[in-house]
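Biologist: Please show me how to read a few features of a protein model. I would like the general idea and then the case here.

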Amino acid sequence: MLKVRPAVTAATALVCLGLVSGCASPAGDSGRGSEAGAAKSTAPKPSGARSSAPAPPPDHEPVAYKPSWPDTTVRTARGHRVNTCVPKDLRSKATTLTTSDKVRLSALVLGDGPDGVLLDHEQGYSICSFVDIGRQLAKRGYHVVIPEYRNHGASEDVAENEHIDRDARAGLAELRRVGAKRVFLAGASCGGTTAAVAGVDTPLRVVGLLMMSSPARCGGVDGVAAVKKLNVPTLLVASPGDMQGNVEKQVREVYAASVARKKELLIQKGEWHGTSMIKRAGASRAALQDRVITFVVDSFAAAR
């Protein structure tokens with residue numbers, strides 16, 4: 001897989017996703033800027049999502065590494081690197097994760113408690129794809145981890161983008177380390193594919209899955225094989241115009257392969273990719289964000 005840089009052309013994204021199952025963002029939506037201001041969710045709060053738990057373990061120590069996008073990387077007071085797109089009031093929640101192949105990732109850890117949510121962004125986007133949703137879920141009593149993938153934002157600049165499933169696994173490992181017992185898997189584009197793959201072998205109890213514009217396969221990561229092993233409530237979302245219909249085609253392949261007894265395929269109007277369906281899709285974006293948060297809440301409730 002080619003190394004992703006912040007600016008990704010539509011043609012490159014189409015080739016990556018439609019022909020070789022890659023996962024770059026559409027042109028003009030690299031995710032390096034500030035949050036697009038998604039509307040506030042009106043989804044109901046879950047009952048009992050938060051429970052008493054022992055104090056979390058100490059934070060990771062900051063480590064030295066070369067960030068992928070140094071011009072949009074700052075250090076927190078503790079010395080962790082974080083993308084400048086992260087709102088200032090959340091930057092103290094940044095930490096540094098280390099993957100199984102020793103790549104350093106910037107990540108946000110929000111909320112607390114035994115019910116965890118993993119939020120994995122798209123290739124070519126940034127950690128801020130899911131900051132708004134992550135903040136809202138944390139307020140509702142969930143323990144949220146949002147890793148920034150290798151070669152993106154404040155995470156480490158490495159030679160290639162292979163093995164990004166290890167970035168998702170690092171996020172799950174962090175949730176387990178800080179006390180989560182159950183987890184909802186969520187991601188957009190390749191982030192959804194890798195979240196599903198990483199969820200197959202996590203020791204955490206998986207309660208649900210969200211994949212937005214996620215390809216059937218992303219490089220060497222096979223989302224179809226993963227959903228054949230995940231019998232949990234599953235929501236798949238796609239826009240029919242995204243990359244000339246190639247994304248919807250792959251999302252339908254994932255849907256057909258899923259063994260989930262409760263699964264839903266939501267086709268969202270337009271041509272938006274991944275979390276852009278929530279951030280930029282006009283009047284429908286607030287409704288979709290509420291739908292996503294409600295699906296997370298309901299998935300945990302059903303697993304009790």
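Modeller: Take burial. Buried means under 20% relative accessible area, exposed over 50%, and partly exposed in between (1.4 Å probe, protein chains only). Asn151 has 0% relative accessibility, so Asn151 counts as buried. This is a predicted model, where local features need pLDDT of at least 70, side-chain atom pairs count only at pLDDT 80 or more, and totals for chains, interfaces and linings use all residues. Residues are numbered from 1 along each chain as its sequence is written, and side-chain values use heavy atoms, with hydrogens and water left out.

Biologist: Where is Asn151 found?

Modeller: Helices (H or I, at least four residues) and strands (E, at least two) are DSSP runs, numbered from the N terminus. Asn151 lies in the loop between β6 (143-147) and α3 (165-177).

Biologist: With which side chain does the side chain of Asn151 make a polar contact?

Modeller: A polar contact is a pair of N or O atoms within 3.5 Å; within protein, one must be able to donate a hydrogen and the other to accept it, and residues adjacent in sequence count only if both atoms are side-chain atoms. For Asn151 the partner is the side chain of Asn161, at 2.6 Å.

Biologist: Is Ser106 buried or exposed?

Modeller: Ser106 is buried, because its relative accessible area is 1%. Ser106 sits in strand β4 (residues 104-110), and its side chain reaches the backbone oxygen of Arg81 at 2.8 Å.

Biologist: How far apart are Ser106 and Ile127 in space?

Modeller: They are 8.5 Å apart, C-alpha to C-alpha, and 21 residues apart in sequence.
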